[in-house]
Amino acid sequence: MATQAQTLLDQLPPERRAEVEERVESLLAELSLEQKVGQLNQLNADFATGTAVGDMDVEQGILDGDIGSVLNFADVEEARHFQELAVEESDHGVPLVLALDVIHGHRTIFPIPLGEAASWNPEMAALSARVAATEAAADGVHWTFAPSVDVGRDPRWGRVMEAAGEDPYLASEISNARVRGFQGEDLAADDTVLACAKHYVGYGASEAGREYNTVDISETNLREVHLPPFEACLDAGVGSVMNAFNLYERIPASSNETLVNDLLRSELGFEDVVVSDWNSFGELVEHGVAGDLREVARACIEAGSDVDMVSGAYATELVELVEDGVVDESLVDAAVRRLLTVKGALGLFEDPYRYFDEERQSRRILTEDHREAAREVARESQVLLKNESDVLPVDDGASVALVGGLADSATDMLGAWRAEGDPDDVTTLRTTLADRLDDLTYVEGCSRDGAVDDAQLAAAVEAVTAADLAVVAVGERYSQTGEAASRAHLDLPGDQRRLLEALVETDTPVAAVLFNGRPLAIDWTAEHVPAILEAWFPGVEAGPAIADVLLGEYNPSGRLPMCFPVTEGQIPIYYNRLRTGRPAENADVDLTEPPADPAEKYMSRYLDVPNEPLYAFGHGETYTEFTYTDVSLDTATITSADTLSVTVTVENTGERSGTEVVQVYLNDLVASRARPVRELVRFENVDLDAGEAATVSFELTAADLEFWTADDEYAAEPGEFEVQVGRAADDIVAVETFELVE
Ligand code: BGC
């Protein structure tokens with residue numbers, strides 16, 4: 001909370017910093033007003049996620065000095081061509097920045113970000129971003145529009161797949177690691193790219209989970225829930241931030257001075273580039289807060305937003321606005337200075353072609369090491385949701401029937417936002433199991449779209465009946481998740497449930513493998529299918545990584561970064577809910593039954609479903625057992641200058657080595673604003689051999705107790721707090737209390 005950003009200039013060694021600053025200032029003095037405005041104009045050269053306003057030709061625009069950055073170019077050859085036009089043929093010779101959405105891998109595709117967050121291991125996030133940056137930088141990319149850090153509490157929203165889930169703390173840890181991975185130690189190195197924290201801010205709160213919909217959140221909610229992952233990115237030195245599409249206080253994020261100039265720049269100290277989202281400047285007109293592009297351009301530059309992605313508002317209006325005395329030229333200069341500083345930090349003034357090296361491209365893309373990293377991350381991101389009667393792992397020598405089109409669908413394994421990902425690079429679950437099992441039968445049973453016909457169903461039932469175990473791949477298509485992919489129904493699409501119903505009728509145990517980009521409402525499956533492994537969209541190494549878990553070569557260690565609801569009607573549902581005046585959870589009432597009398601009725605509950613999710617935040621099973629003992633605090637009282645130590649002993653009491661994710665939550669019992677029932681403040685992955693025990697300690701300080709108080713400031717208020725230690729948000733094993741005194 002209340003972070004201070006590490007700016008790009010701060011990150012440079014003093015000599016380089018002086019060089020960059022000098023170069024930027026001399027360029028600013030040389031460029032005409034038209035050329036400066038041109039720097040702020042970003043154009044698209046390939047794939048599009050919406051309509052662009054304006055009709056500027058990219059090549060001509062570069063030649064005329066009317067474009068400062070390009071997104072979505074085709075390949076290194078095209079990137080080099082554009083750069084040559086900018087550096088050698090335009091009047092000013094300022095290099096371009098080339099941008100692409102490299103979200104979870106460039107060519108070596110890793111699990112979708114939500115899946116990666118399920119590893120609860122920031123080092124996995126750093127590793128995948130590092131590999132992605134190495135490949136992207138070898139393929140001509142300077143700037144990725146990642147990480148997405150939107151806190152997502154509504155699984156109907158397709159973009160929850162892009163970020164790190166429902167919790168501000170976990171999302172902060174993961175997002176910080178992603179920035180470190182992308183940007184590395186030196187942005188000018190040939191294996192790093194500029195990161196972009198997006199979408200600033202509150203986009204995850206789109207009403208009803210509908211894409212591009214209204215957001216209406218309080219300042220407290222903004223600061224407590226949606227802002228922390230951005231602060232974590234600023235701490236990591238992120239060099240750019242993207243405006244969100246949504247409103248805050250009914251003003252679009254792109255033209256929202258409170259968000260950009262006041263909060264991001266003045267309060268948090270961010271001095272680098274703010275880029276719009278796709279035509280988010282132009283959309284001010286649709287929002288009804290600007291009458292035309294002239295009003296758009298004025299509002300956005302005054303708010304502090306620098307680069308205009310494809311709306312053309314700056315390109316067509318800013319020069320005149322300055323000439324008419326409406327916009328002060330110093331605002332244009334400040335925005336251009338920030339973009340030129342990015343170019344300097346990327347080393348583009350010394351060598352504008354450093355990212356376009358065909359030789360490096362062939363050496364650095366889709367290497368064996370990168371594939372191995374993708375497999376490691378994909379293994380760690382799987383979550384064993386349930387495993388009744390130890391159905392998994394597959395017994396040695398068992399005959400297995402594999403069913404489901406998704407088990408053999410290369411393209412779906414890449415998920416949405418796949419950059420240069422190629423389905424031909426993917427090893428599917430079917431391919432791997434065919435290789436690793438002696439007795440495997442594959443029957444499609446249901447298409448990857450979820451369509452089941454009678455003949456397929458009969459063939460699947462026959463194969464499963466004859467096998468010792470059925471592994472059934474079910475879930476969503478990759479295109480049902482991501483941007484512009486909201487779903488109101490979160491059950492398994494199509495007839496997949498019909499398939500499962502038929503298979504559980506056989507005597508053969510069934511293990512479902514789920515492919516999906518969001519929590520699903522799968523209460524029927526959870527009740528009837530004995531084992532469920534959540535695999536998300538795992539990337540190029542889908543097959544090997546899932547087989548490692550199914551065959552017991554890797555003991556699943558992932559934990560949910562978002563709750564799975566029982567039904568869509570519970571949404572939004574998240575573990576760190578605020579207290580209500582009539583809490584049902586503390587009452588001695590069975591919420592799975594309809595209320596029997598008024599005492600059971602007039603409380604915050606449903607008549608027809610429980611309040612609790614199907615699977616809670618932090619949930620995940622393993623092939624072993626962990627027990628917790630000796631949870632203790634080193635003191636019962638701290639002052640704001642002290643440190644509190646929380647200690648717990650964890651023992652692996654099962655028969656396999658495994659990893660336990662020890663979770664520490666806080667509960668501020670009385671405060672000036674209502675506080676969540678629990679909030680994650682620390683976690684640690686503890687690797688333990690069978691029979692091994694370890695004592696784990698967590699240090700907390702008053703900074704962990706801070707929140708946005710009723711005095712509108714960040715502070716820790718004296719009083720009593722609970723420390724809750726557990727395996728999941730709904731599986732707290734011990735609660736200890738302490739007091740913060742003045
Ligand atoms: C998305 C951004 C993305 C941009 C450029 C937009 O539609 O919201 O996340 O970076 O397109 O592709």
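Contact means heavy atoms within 4.5 Å. The legends below describe a predicted model, in which local features need pLDDT of at least 70 and side-chain atom pairs count only at pLDDT 80 or more, while totals for chains, interfaces and linings use all residues. Residues are numbered from 1 along each chain as its sequence is written, and side-chain values use heavy atoms, with hydrogens and water left out.

View 1. Neighbours within four places in sequence aside, Leu392 is in contact with Leu384, Asn387, Leu469, Ala511, Ala531, Leu550 and Tyr623. A nonpolar core is a set of buried Ala, Val, Leu, Ile, Met, Phe, Trp, Tyr and Cys residues joined through side-chain atoms within 4.5 Å; buried means under 20% relative accessible area, exposed over 50%, and partly exposed in between (1.4 Å probe, protein chains only). The largest such core has 164 residues, and of these Leu392 and Leu550 touch the most other members. Helix H6 (residues 122-137) supplies the largest share of this core, seven residues. Another core, of 31 residues, lies apart from it and includes Leu284, Leu293, Ala297 and Leu318. In soluble globular proteins, nonpolar side chains tend to be buried together.

View 2. The bond from Leu392 to Pro393 is cis, with omega near -5°. Pro393 sits in the loop between strand E11 (383-387) and strand E12 (400-403); helices (H or I, at least four residues) and strands (E, at least two) are DSSP runs, numbered from the N terminus. The bond from Ala146 to Pro147 is cis too, with omega near 5°. Pro147 belongs to the loop between E4 and H7.

**View 3. The five-stranded open sheet.** The strand order is E4-E3-E2-E1-E10, and the pairing is parallel. Two strands pair if DSSP finds at least two bridges between them. At the edges are strand E4 (143-144) and strand E10 (308-309), each of which pairs on one side only. E2 and E3 are joined in the parallel sense over three bridges. Val97 in E3 is the bridge partner of Ser69, and Ala99 in E3 stands opposite Leu71. E3 is covered on both faces, with Val97 and Ala99 buried on one side and Leu98 and Leu100 buried on the other. Strands of a sheet pair through backbone hydrogen bonds, either parallel or antiparallel.

**View 4. Helix H4 and its cover.** Val76, Ala79, Phe82, Gln83, Leu85 and Ala86 are buried in H4. The cover over these buried residues includes helix H3 (58-63), strand E2 (69-71), strand E3 (97-100) and helix H15 (358-364).

View 5. On a 1 Å grid over the protein atoms alone, a cavity is a set of points where a 1.4 Å probe fits but cannot get out; lining residues have an atom within 4 Å of a point. Grid points are joined across faces, edges and corners, and a volume is the space filled by probe spheres set on the points. Three cavities of 30 Å³ or more are found in a search of the whole structure. Two or more lining residues come from each of helix H5 (113-117), H6 and helix H7 (168-183). H6 gives the most, with four residues.

**View 6. Positive phi at Glu249 and Trp417.** Glu249 is not a glycine, yet its phi is positive, about 50°. Glu249 lies in the loop between strand E7 (247-248) and strand E8 (251-252). Trp417, also other than glycine, has a positive phi near 55°. Trp417 is placed in the loop between helix H17 (410-413) and helix H18 (429-436). With a relative accessible area of 17%, Trp417 is buried.

**View 7. Val225 in helix H8.** Val225 is part of helix H8 (residues 219-226). Val225 counts as buried because its relative accessibility is 9%. Beyond its neighbours within four places in sequence, Val225 is in contact with Val151, Arg153, Pro168 and Thr220. The C-alpha atoms of Val225 and Asp150 are separated by 9.5 Å, although the two are 75 residues apart along the chain.

Technical notes
On a 1 Å grid over the protein atoms alone, a cavity is a set of points where a 1.4 Å probe fits but cannot get out, and a pocket is an open set with protein on both sides within 12 Å along at least five of seven lines; lining residues have an atom within 4 Å of a point.
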